[in-house]
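Dear colleague,

I am passing on a structure for you to look through, and it is shown directly below. My notes on what was found in it come after.

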Amino acid sequence: MTTIIKNGTIVTADLTYKADVKIDGGLIIEIGPDLSGATVLDATGCYVMPGGIDPHVHLEMPFMGTYSADDFESGTRAALSGGTTMVVDFCLPEPGQSLLDALNRWDNKATRATSDYAFHMAVTWWGEQVFNEMKTIVQDKGINSFKHFMAYKGALMVNDDEMFASFSRCAELGALPMVHAENGDIVAQMQAKLLAEGNNGPEAHAYSRPASVEGEATNRAIIIADMAGAPLYVVHTSCEQAHEAIRRARQNGMRVYGEPLIQHLILDESEYANLDWVHAARRVMSPPFRNKQHQDSLWAGLAAGSLQCVATDHCAFTTEQKRNGIDDFTKIPNGTGGLEDRLPLLWTHGVVTGRLTMNEFVAVTSTNIAKILNLYPKKGAILVGSDADIVVWDPKLEKTITAKNQQSAIDYNVFEGQTVRGLPRFTVSRGVVAIEEGTVKTREGHGRFVARDPYPAVSKALSTWKELVAPRKVERTGIPASGV
Ligand code: DUC
Ligand code: ZN
Ligand code: ZN
Ligand code: ZN
């Protein structure tokens with residue numbers, strides 16, 4: 001049964017042209033003018049783009065004494081509603097726990113996914129078992145990226161020697177280390193000080209994690225990766241200091257990637273000054289929202305190519321869950337949603353305003369991350385042989401974002417009241433129509449795990465520092481006798 005996407009304009013990361021797309025068996029089998037087939041999806045007036053890939057989500061994540069509220073079913077349903085056809089979640093072993101045991105749990109949760117998905121593995125502790133299991137994870141389990149938390153002291157955080165050991169192992173295996181870059185030691189002290197001084201409200205969350213703390217950790221992780229001969233992916237890059245470190249590293253020839261979130265691009269620190277505790281607490285996430293200068297830096301980085309991907313860090317908690325921190329901001333579960341709104345918001349604030357071209361939009365929502373995670377051209381492309389993960393994007397469709405008709409399981413939306421222009425007319429997941437003009441047709445369990453191979457190239461460090469760390473013993477003659 002073939003499907004034709006007809007009369008649309010194909011937009012990829014590098015081309016814009018008119019053509020039809022023919023789909024069979026979940027794959028794109030032909031691209032060209034005047035194609036015909038059994039089922040026709042009318043794309044007149046629309047852009048036909050690779051479906052979005054969100055490289056950073058936490059579905060049913062055990063965190064801060066609770067679980068994030070969207071599971072793989074509601075989370076991927078939200079994703080597809082907004083034109084995202086693949087998500088990458090983080091498998092989180094507890095400190096001391098086997099990576100393979102944790103992966104079993106994640107495999108079970110993900111059977112409910114309605115879109116395709118992959119995993120990053122978190123390294124939350126270090127030891128011989130982790131060292132050994134990393135090889136199995138890369139070579140047998142189709143996971144080629146490892147996340148390290150430099151914050152969340154006493155829970156998920158790893159220290160510098162653990163990171164250096166793990167990054168070095170990544171370099172050997174052809175895997176990509178990733179970091180949540182915030183100095184967790186300083187954050188912990190700042191939190192204690194603020195609480196002791198009576199600052200227990202959600203605004204103190206932002207005071208405890210300023211931009212410099214993120215900039216320091218980003219710099220540190222870059223140097224550790226460089227010394228280990230590994231590339232580095234910095235998740236949720238939210239400020240100029242972190243962006244600057246990434247720019248500088250790239251200029252030095254390092255493969256370092258930065259990922260702004262749609263939340264940081266659109267929302268700012270004034271949210272935490274809201275007099276309504278609930279309003280502010282719902283927006284508590286790490287890193288926190290920043291000011292306009294930081295936002296401008298992130299937008300500039302996306303246009304200039306010094307930042308590569310826009311993600312969500314979708315980690316949604318209900319108001320009831322947020323209330324856990326009513327007397328103590330450090331107990332407010334960290335996280336916000338965004339899976340359904342990422343593409344429409346980035347189109348509205350990026351493409352409609354002229355800050356991004358349509359091709360740059362495709363690059364930062366899909367193609368770049370497909371290349372970075374070694375998913376390309378199975379994902380992130382409109383090419384013959386690629387998976388038919390496609391969004392038929394209608395630039396004239398409008399809506400006002402509201403929790404009343406969102407797919408996410410939570411009771412609010414941090415973008416409530418924002419009007420977006422540009423929405424999916426169809427979202428197609430491996431050839432199957434999942435969303436049609438706002439009607440949800442997703443199928444629980446349709447999603448498949450996408451295995452990723454290790455990278456052949458990543459262990460070749462490119463840094464200008466490299467020669468300084470290649471040891472060469474100096475052979476000396478004339479060693480003086482003792483007593484001289
Ligand atoms: N930040 C959040 O806000 N939530 C999940 C984890 C994280 O790093
Ligand atoms: Zn994080
Ligand atoms: Zn409010
Ligand atoms: Zn995260």
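**What was found**

K147 has its place in strand β13, which covers residues 145-149. Please keep in mind throughout that this is a predicted model. For K147, the UniProt record, an unreviewed entry, carries the annotation "modified residue: N6-carboxylysine". K147 counts as buried because 24 other C-beta atoms lie within 10 Å, where 20 or more are needed for that class. Leaving aside residues up to four places away in sequence, K147 touches F90, H120, A122 and M178.

Strand β13 belongs to an open sheet of seven strands, which pair in parallel and follow the order β8-β11-β12-β13-β14-β15-β16. The edges are formed by β8 (52-57) and β16 (256-258), each of which pairs on one side only, and from one strand to the next the twist averages 25°. At one end of that order, β15 (residues 232-234) pairs with β16 in the parallel sense over three bridges, and L232 has V256 in β16 as its bridge partner. Helix α1 (residues 72-81) packs on the sheet, where it touches β8, β11 (84-91) and β12 (116-122), and its direction makes about 145° with that of β11.

The remaining point concerns the ligand. Around ligand 1 are the residues H58, H180, M285, S286, D313, C315, N334 and G335, and this shell divides into two nonpolar, five polar and one charged.

How values were computed. Residues are numbered from 1 along each chain as its sequence is written. Chains are lettered from A and ligands numbered from 1 in the order in which they are written. This is a predicted model: local features need pLDDT of at least 70, side-chain atom pairs count only at pLDDT 80 or more; totals for chains, interfaces and linings use all residues. A residue is near a molecule or strand if its C-beta atom, placed from the backbone, lies within 6 Å of it. Ala, Val, Leu, Ile, Met, Phe, Trp, Tyr, Cys and Pro count as nonpolar, Asp, Glu, Lys and Arg as charged, and the others, Gly among them, as polar. UniProt positions are given in the numbering used here, feature names are shortened, and annotations may be inferred rather than shown by experiment. Helices (H or I, at least four residues) and strands (E, at least two) are DSSP runs, numbered from the N terminus. A residue is buried if 20 or more other C-beta atoms lie within 10 Å of its own, exposed if 12 or fewer, and partly exposed in between; C-beta atoms are placed from the backbone. Two residues are in contact if their C-beta atoms, placed from the backbone, lie within 7 Å. Two strands pair if DSSP finds at least two bridges between them. Axes are lines fitted to C-alpha atoms, for helices over the stretch in contact, and angles run from 0 to 180 degrees between N-to-C directions.
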